[in-house]
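Here's a quick briefing on the model below. Have a look at it first, then read on for the overall build and the charged pairs.

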Amino acid sequence: MEMNNLVVLPIFVPLLTAVILMFISKKINIQRWISVGASLVTVMIAGLLVHHVSTDGIQTLDIGSWPAPFGITLVSDMLSSLLVLTTSIIGFAVILYSIYSIGEGREKHFYYPIVQFLIVGVNGAFTTGDIFNLFVFFEVMLMASYVLLVLGGTKIQLRETIKYLTVNVISSSLFVIAVAYLYSIVGTLNMAHISQRIGLLEEIPGILTVIAILFLIVFGLKGAIFPLYFWLPGSYYAPPVPVMTLLGALLTKVGIYSIARTYSLFFYHDQSYTHDLLLVLAVVTVLIGVVGSIAYWDIKKIIIYNIITAIGVILYGISVATTTSMTGSVYYLIHDMIIKAALFLLIGIIVNITGTSNLKKFHGLINDYPVLAWVYFIAAISLAGIPPFSGFVGKWLVIQGGMERGELIGSVIILLTSLLVLYSVMKIFIYGFWGGKDQDYPDQHSISYNKLLIPAILLTVIAVLYGFGSEFVYSYVAQAVDTLMNPEIYIEAVLKE
Amino acid sequence: MSVLHIAILSPFLFAIIVPYIYKRLRQIHTGWFVLLLPIILFIYFLQFLPQVKEGEGIVQSVSWIPSLNVDFTAKIDGLGLLFALLITGIGSLVVLYSIYYLSKDQEQLNAFYVYLLLFLGAMLGVVLSDNLIVLYTFWEFTSFSSFFLIGYWHHRERSRYGAQKSMLITVFGGLSLLGGIILLYIMTGTFSIQEMVANTSTIINHPLFLPAMIFILLGAFSKSAQFPFYIWLPDAMEAPTPVSAYLHSATMVKAGIYLVARMTPIFAYDANGYWVWLVGGVGIFTLFWGSFNAIKQTDLKGILAYSTVSQLGLIMSLLGVGAGAVHFGNDNQLFIVATIAAVFHLINHATFKGSLFMVAGIIDHETGTRDIRRLGGLMTIMPVSFTIAFIGTFSMAGIPPFNGFLSKEMFFTGMLRVVKMDIFRFDSIGFLFPVIAWIGSVFTFVYSMILLWKTFGGQVQREKLPKTPHEAPFGMLISPVILASLVVIFGFFPNILSDRIIAPAVETIMPMFAIDEIHISHWHGFQPELYMTIGVIIIGILLYLTLGKWTRIYQLFPNKLTLNQLYDVLLPSLETGSNMFIRTHMTGYIRTYLAYIFTFFIAILSFTMWSKHAFHFESTNLADIGLYEVLLFLAVIIGTVTILASKSRLTSIIALGAVGYAVSLFFVLFRAPDLALTQLVIETISVALFLLCFYFLPRNFHLEKTRFKLTNALISVGVGLVVTLIAISSYSTKLFPSISQYYVDHTYDPAGGENMVNVILVDFRGFDTLFEISVLAIAGLGVYGLIKLRLARRKEG
């Protein structure tokens, strides 16, 4: 466990790229090439990082060589590096998709650098080992998301950005407040150090549980759990599809990651309170998600509400907090990021072709777009957790974990709601793709259908391999869960004691 | 990877190349290429017969996710082999039939055969997998291939409807099955069926036993169209007829039967008799309900669908009752006849029902309709089809000398013996089984006769037929003729099956018993079974002749109360209900959302504070409150109230600035001059910026009358209170020394700075600062983009 500069590169490469891109905003073609190239480099670095972590254990980097816990320490454990890799892959796919769909207007107004900044924020949040630095990366990520959401300045964007901004500014201030409270009690910001110090306490003061709940609210607002999700369906609906994809696939997951990290690393001393609360919230989140996803005939809304469902499933595994359930959650988390991104991109292609997201206004796409239809089908059943595709192992283990701990009702709800998930996404297949070939769409020939399809296929193929290759993935996931279940591994790696 | 695995997976591999074959060799019907595979597989599986007869199972394993105990273990035993032969045998005949049924010029044959092959492979996987997770995987594959085949003509509304319905119900069953599998794993620590069978004693005494059993049965019942899940099967008839014959009669719908048979050695020991009662009871009721409903159908395939439901119920009830045998030790031979009958009837049903479906397809193909009200008199026009239908229906009705007669007799024997079981209260209400069985058989007889005579008897009504009827082409007749011949052959020589196929299968279902010899005979002497059959025929003929008189009873069941109606109402109302529910709280207003969020914030945090006794106030470290503090505090309060109360925007902003300055004076008081300076600068700039923006804003900003809202006031006070209380408690609970001493010690050396705050900002925590700067940069870019770029409303994607 030596210092490793590789840890900072998934943050640094996009940062540098963003800075370079800022200066060539009018040269669209060069911007595109640099964006694609740099995100590919980020993917490779992240892959290398995963490899390092799997062979040499947790990689850390004390920034400025100030030793932990006094400086800021970046920590790549397996969970973190896997998420960084997933983020980088999604970033790459979305940038590729943006080239053919986002439009020159946005491209000339710093779209690409801001996407890179967003990736900086997300990768940073996954990597940092410092609770205040986590806040900073949240800010980077959020500021980038505000700008992406509003860029273009259409009416709906402006309206929804105000809401999104308001909620997130509030949650950011709560974040700082929560960090201050925690600091007052434990006197440190390094997460490993916080864990170590709390571990020394013979009796856990009640206020620490209160602060744990406060953090849950802060991260839950980002992660859109019940009852903090209200802002999400509207806000994610407004921006163009690539932005929707980035927000939908990445941002909520940062909130969930933060809950998983803090609740496994240092807020685990009062599980009968904190984790049981989380369990109830998780189940209700799942229910809210499926209710929303079957309530609409708008394909964007259907997928957006499925974000909430997935968050509930992941959170359920975290709240059960056994090795099985955690393994399930980690499997599911990565799966969901990839497959949600794929679905959003596919939905985007449909909207591009038909000019509408209203499922009642189009049908029969399979006749002209068979590849789109089949890729969508695979993505849809992956989402619903049909084996052997990517969602299955995660769902299965989350449910098994719950049942092993005697949470029969919650687990059965998770199990059976996946039928409604399937229903919601297959509705798009049955009514949108099936049907006679008797409809023409005004814009259908003006788009680069094949080129838009490439990133969507790329992500779907990754998801399929992820499902079939569950054994290969397992060794990585198991390592991630090992650290989550045994905080001392993390502490030892960071504080080197 | 063994040959067996390749055999199971070969349909999937073949499915990949089908589209290429279709594209390249358009002039040859794709079915001819596809046909090779099931034939080869059928021959391949045949060679296992001798081995399996000797009781040697074949087990081959390939690891898939060993870390999670999931291995693709393929196992051939009596039961698996029986199904594998059915799947490949009927599969070959169906593919052959489809070549003549589906036109190569008009149909999307590539899609059709891909789905069919996926199904073939999935079904083989289901019946040959020992690992339940793998079984479940294939199980869901059968549901989806069925979905695609039902929706094959997806431009038809009914096809889409039927496909969606079958998917929802069978996948529901699949999920239940998964739940059951997980529970079984929790009990036994294995996904292997063989190992579970070896661990039966652990399972039956486990508290999760009953939930596991119910979950598994829900899976089996929904797949095998048992009451009340059967409603998807009639709508599945939208699929092309070869598919109906194959999936929705001979094979896929028997997956549930297979599962129940497979799980019998695990669950039959249940000391409370739930298994026997549930499987037997649901089965026998389904038998009755299906046969009863078949009579009112007017579509040939509709009759056959309900008939299938009914026959599946029959097999299911036999498996349930047969499972009772395990409770009788060596005295079991009395009851095991039910299990033997189940296996025998399974085969018979596949033969006669397969041939009947194919005839229905022929009639549809050659006359253009399947409506029995328009059909009739085809006997002379289509003599071969008539002969096949005659054999099939008479076998189904249980009339000698066909195979259906034999298994029907055995069915009666099995049901009659239920009464002799003196456990689980069968001795008191068990008599219902033979009674319902008999009634169901009468109805079966009636609809069999309807099927045959309404189509082939009477006068031809040429004017009602869309096409001029004539006999089917030779190729189309091959498959049904083969099946009908089997009906006759098995009818005369049932014992060619008994030792080779039935006995090994029964041994798999009942591994606890040694099956010495099975002999199926035609004549049992004057036994109750014989009287029951005679009764069925007599009463059946009477009922058939008086059809018009009594079918009015069907009108007694209002359409609104059927299960189908329930589904049709439930699904849309689930959608509209959800939509209404969402609309109740998703107002689109951020103020509503914030009210929800803050209410939760107040509620959960104050509850936690209260229940954890978290409030704590420590005053030892606090300084005295001086006059300046009080004054500043008042200034902040007054400023805040002014912001809210002011009618003028200018006043509000100035008040906001005043609050900010007051806060910075607090920093002065607390001896943090650099923070005070920073704060002053920020306040000045922001007030100036706000004032600058005035120019662009509409003049009257209080046009919307804001009333005082009590809830909002309570929420804001509540939030303030909670935050303050937690702040005080946190401040009063300092459990560890702060790490800040390190900064004090290291600012000069080695950091080389003189101002500790500066050193923290640019060195100790310079990483934070770097990214805060980035945040500013992003914001700047955003503002620029917001001002410069105003896209018109256009489609987004």
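**Two chains, quick tour**

Chain B holds 33 helices and two strands (DSSP runs numbered from the N terminus: H or I of at least four residues for helices, E of at least two for strands). Its radius of gyration is 38 Å, well over the 28 Å that the globule rule gives for 797 residues, so chain B is more spread out than a compact globule (C-alpha atoms only; the rule is 2.2 Å times the number of residues to the power 0.38). Keep in mind that this is a predicted model, where local features need pLDDT of at least 70, side-chain atom pairs count only at pLDDT 80 or more, and totals for chains, interfaces and linings use all residues. Residues are numbered from 1 along each chain as its sequence is written, chains are lettered from A in the order in which they are written, and side-chain values use heavy atoms, with hydrogens and water left out.

**More on chain B**

- The C-alpha trace spans about 115 × 65 × 55 Å along the principal axes of chain B.
- In chain B, 57% of the 797 residues are buried (buried is under 20% relative accessible area, exposed over 50%, partly exposed in between, with a 1.4 Å probe and protein chains only).

**Chain A**

- Chain A has 21 helices and two strands.
- With a radius of gyration of 21 Å, close to the 23 Å from the globule rule for 497 residues, chain A is as compact as a globular protein of that length.
- Of the 497 residues in chain A, 75% are buried.

**Salt bridges**

- Over all chains, there are 21 salt bridges (a side-chain nitrogen of Lys or Arg within 4 Å of a carboxyl oxygen of Asp or Glu).
- One of them pairs Arg32(A) with Glu107(A) at 2.8 Å, N to O; this pair links distant parts of the chain, from helix H2 (residues 28-56) to helix H4 (residues 104-108) of chain A, 75 residues apart.
- Arg32(A) is partly exposed at 21% relative accessible area, while Glu107(A) is buried at 0%.

**Across the chains**

- Asp270(A) and Lys612(B) form a salt bridge, with their closest N and O atoms 2.8 Å apart.
- Asp270(A) sits in the loop between helices H11 (241-265) and H12 (271-295) of chain A, and Lys612(B) in the loop between H26 (590-611) and H27 (627-645) of chain B, so the pair joins two chains.
- Asp270(A) is buried at 15% relative accessible area; Lys612(B) is partly exposed at 23%.
- Asp130(A), Arg765(B) and Asp768(B) are joined into one network by salt bridges that share partners.
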